[in-house]
Every structure is written in structure tokens, then in C-alpha cells.
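The following exercises ask the reader to work from the sequence and the coordinates towards a description of the fold and its annotated sites. Each task is followed by a solution in steps.

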Amino acid sequence: MDHFNYRDGVLYGEEVPLSTIAEAFGTPCYVYSKATLTRHFRAYTEALGSHPHLICYAVKANSNLAVLGLLARLGAGFDIVSVGELERVLAAGGDPAKVVFSGVAKQEGEMARALEVGIKCFNVESRPELERLDAVAGRLGKVAPVSLRVNPDVDAGTHPYISTGLKDNKFGIPVDEALEVYELAARLPNVRVTGLDCHIGSQLTELAPFLDALDRLLLLLETLRQRGIEVEHLDLGGGLGVPYRDEQPPAPFDYATALLERLSGWEGSEGLTLLFEPGRSIAANAGVLLTRVEFLKPGETKNFAIVDAAMNDLIRPALYQAWQAILPVDTRHPRPSDTYDVVGPVCETGDFLGKERTLAIAPGDLLAVRSAGAYGFVMASNYNSRPRPAEVMVDGDRSHLVRRRERLDELWSGEALLPDDTGSEG
Ligand code: LLP
């Protein structure tokens, strides 16, 4: 459930008509709902109840400071994959002691900064990374808390680009090699084993792969225990899917309940803190991309609705053939209905936001691309020298500009002309 609904034929974000936001801030523009973000975050914490847990929101899904600040105030921890994300979390008032650091190639400087601010845990993805972390921590006179990300080799049944828990993915340590790497971690002087983690993929719509992964992790925990290695937390990553169209993914409540039930048979489970790294299930349906129809271009085989947002603003349809609902913002005026490919101004045939959509629209109308709160703005680029869109957060009947539209001069602000003496004579 989210807070983007029609009232008397007009699409609102909470109490604000989306047309008012377009008037005030222009298009294209991302609009997020504070109430929806809050609701989605709380669905996790409420389901986990009194079981020790920490919800580490995956910053990559939407890293706007207002989103991070809101979640920090709700008590969230954060899953980061770069020092840039770490600095964002700190700038937003997040608690470094609740940060876990994922990613396959953490650089020495990134490790050092994370050690300096005292993050909760490094999710280590390989033996050489563990050795690098031990060396960096040693140089700084610190002990790095580590969890090994294991690859449980389960099929998440999702799009191949966002499936991460199979043997032939680049992520994690194969489950049958994990024991050896844990034993190394236990011997290294500057790291301390605190956890075990996995992340098997994104946009999962079934519980079974999560439960299979949990079973494999529990088997490994058993073996570790026999070798005298105990962990404090188990991190199951992110990955819970959302309804984009007609998918029916389990709700966070059902997901957490099923995991707790499976875990309850395991000796010592009460003391095992559960960590999750949800991104999409918190942010996706808490945001829309607002765009305006520039032209309607009827064709012999296809009609195009050319809008002012493009693949550089929202790349998911072009990159993953992802389907996201596209809705007219104001349905009060009668319009002829037709089938359109909704495309942007970028010079690529792959530049589309949706194909074969039935819409009753006219030039100048506003459209909202739904489910755009996760992997939307964060994946935006300046391709075709297009400034990145504005971001707005609605809160009840108020709307706040949480990132202004990029200015044209910012597009080349880090660039330089060649010095004069290089000449152009050749
Ligand atoms: N933890 C780790 C280690 C991850 O790699 C990811 C996502 C997450 C957590 C959060 O997963 P979520 O709960 O959002 O599914 N750009 C793609 C999604 C890429 C996901 C990458 N990893 C998309 O637009 O569908």
C-alpha cells in the first residue's frame, strides 16, 4: 500500500495533487511520499517485534539525504557499498554504528574511513578482501568487525541481471569454501568475526529461495559452532520484491514471520540478531516520476507519446525491460484513448518508459510513472547532456524540494578546455 491515489479524478501524493508539484518544481521530477517510506520501514520492524534485529536500508535504492534522514530518525541502520554512500549516511545524521558495508571491491581508503567512523560490520566477499581489511585495520590500530557474505547457490528466480546468489555470480564466497575463510578470519589479528550474511538477488516474489538460503546458512552456522566460531548476527540481505504490475510478493510481515518460524527451531536463535538490507521494498512504491507529454506522434504501426522524461532519468525499462505503471495525473478532461509507446527525447530507440500503454492523453498532460522510488534517480545520468531531475518529498499537505533540478552549468563544472598552446592546426 502506498499514498499515491486518485481523488476526484486527480492523482495525489498524500494530500498534495501531483499537478501542484509539477507547477511548483517543473518536470521531470521525482516525488516521494514520507508516509509510504515510513509505513514500509515499520512493516519490517513491527514484524520482527521483540526478536533482536536491525533493518539496514540499502542506500543504493534511493540515497537522497531526506530519505536517509527520515529512515535514520525511524531507527534504521544502513547497508552501503561505497564511501560515497557512507558519507551520505553521515551527512543525513545516520548512526555509523548501524552501518554494514557490502560490495565486492572495497578500496583501502574506503575501509579506512569506515573503520575511522566505527561501522557495525564489513560484509566481506572474498579471501583477498579479508586480507586487505586485516592489513588496513592493523595499520590504523583497529579491529574490524566482519561478516562473510556467502553465496548459498540458490536460484532466486528473478531477472538474471539482479540475481546474485548463484554459483556463477561474482558475489560472495561459495558456501563450501566459507568455513576455510572463517577459520582464516578467526586467526587474523585485526579482524573479529561478528556475523554471517548473504544476499541472493532482488525483486524476489517467492519466499522459498529466502528460506532455502536461511537453511544453508544455518547449516554453516552449525559447522562454525563446532569449530568454536560463534557469530552475533545473521544478515539475510535485501531482495524482497514489490508489486510493479500483477506480481504478488510476500509482504515484509509474512516474510519476517516465516523466517522467524524457521529460525525458532535452531538452538540459540533468540540471541542471534537478525539483519536485513531492504531497498526496493521500502522505497520503490514510495515514489513516482512525474513527466509531461510533449507531443503525440501517431504512426502507421505505432503511436508514440513523447514525454519530457527519458532513459537517463529512469533507466529500468530500457535496461531490464522493467514494466512500471504509467498513469495520467488528471483524468477529469475527456480525451480520446489510444495505445502508445511512451518514449523520451533521448536519441536511442531503447529510450522508452513503457510500451503499448492504453492512455487517454493530450499534449501538455502530466503522467506519473509509478514504483520509481527505488533505482530511479540513483541510476539517472546526464546522457544527452540532460540535467538530472528535481526530487520532492511530500509530507501530508506539504511538499519539500529535497534536491533541486541540476543546472546546465553543473553539467560541465568539472571539465576543462585544453590549454591555448595546443592549438588546433593539427
Ligand atoms: N544488499 C545487497 C548486498 C545488494 O546487492 C542489494 C541490491 C540490496 C541489499 C538491496 O536489494 P533490494 O531489497 O533493493 O532488492 N538496479 C536494479 C536492482 C539492483 C539491486 C542490487 N543489489 C533494479 O532497478 O531492479
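**Exercise 1. Strand 20 and its partners**

Which residue of strand 20 does V31 stand opposite? Determine also how strand 20 pairs on either side and how far it is enclosed.

*Solution.* The model is a predicted one, in which local features need pLDDT of at least 70 and side-chain atom pairs count only at pLDDT 80 or more, while totals for chains, interfaces and linings use all residues. Residues are numbered from 1 along each chain as its sequence is written.

Step 1. V31 stands opposite V392 in strand 20. Strands are DSSP runs of E with at least two residues, helices are runs of H or I with at least four, and both are numbered from the N terminus.

Step 2. Strand 4 (residues 29–33) and strand 20 run parallel and are joined by five bridges. Two strands are taken to pair if DSSP finds at least two bridges between them.

Step 3. With strand 21 (residues 398–403), strand 20 pairs in the antiparallel sense, again over five bridges. D395 has R398 of strand 21 as its bridge partner. The two strands form a hairpin with two residues between them, and G396 in this turn has a positive phi of about 65 degrees.

Step 4. Of the six residues of strand 20 (residues 390–395), five are buried, so the strand is largely enclosed by the rest of the structure. Here a residue is buried if 20 or more other C-beta atoms lie within 10 Å of its own, exposed if 12 or fewer, and partly exposed in between, with C-beta atoms placed from the backbone.

**Exercise 2. Domains and the ligand**

*Solution.* Step 1. The chain is divided into domain 1 (4–31 + 284–412) and domain 2 (103–276), with bounds from an automatic or database domain assignment. Their centres, taken over C-alpha atoms, are 36 Å apart.

Step 1. Seven residues of domain 1 are in contact with five residues of domain 2. On the domain 1 side, the touching residues comprise four nonpolar, three polar and no charged. In this classification Ala, Val, Leu, Ile, Met, Phe, Trp, Tyr, Cys and Pro count as nonpolar, Asp, Glu, Lys and Arg as charged, and the others, Gly among them, as polar.

Step 2. Both domains give residues to the shell around the ligand, so the ligand lies between them. Of the 20 residues in the shell, S202, G238, G279, R280 and Y375 come nearest; a residue belongs there if its C-beta atom, placed from the backbone, lies within 6 Å of the molecule. Helix 10 (280–283) and helix 11 (316–320) are the elements that give two or more residues.

Step 3. By class, the shell has seven nonpolar, nine polar and four charged residues.

**Exercise 3. Annotated positions**

Which residues does the UniProt annotation "binding site" cover, and is Y375 buried or exposed?

*Solution.* Step 1. The unreviewed UniProt entry lists R280, R316, Y320, E348 and Y375 as "binding site". UniProt positions follow the numbering used here, feature names are shortened, and annotations may be inferred rather than shown by experiment.

Step 1. Y375 lies in the loop between strand 19 (366–369) and strand 20. Y375 is buried, with 24 other C-beta atoms within 10 Å, whereas Y320 is partly exposed, with 14.

Step 2. For K60, the same record gives "modified residue: N6-(pyridoxal phosphate)lysine" (unreviewed entry). K60 lies in the loop between strand 5 (53–58) and helix 3 (65–73) and is buried, with 21 other C-beta atoms within 10 Å.

Notes
Contact = placed C-beta atoms within 7 Å.
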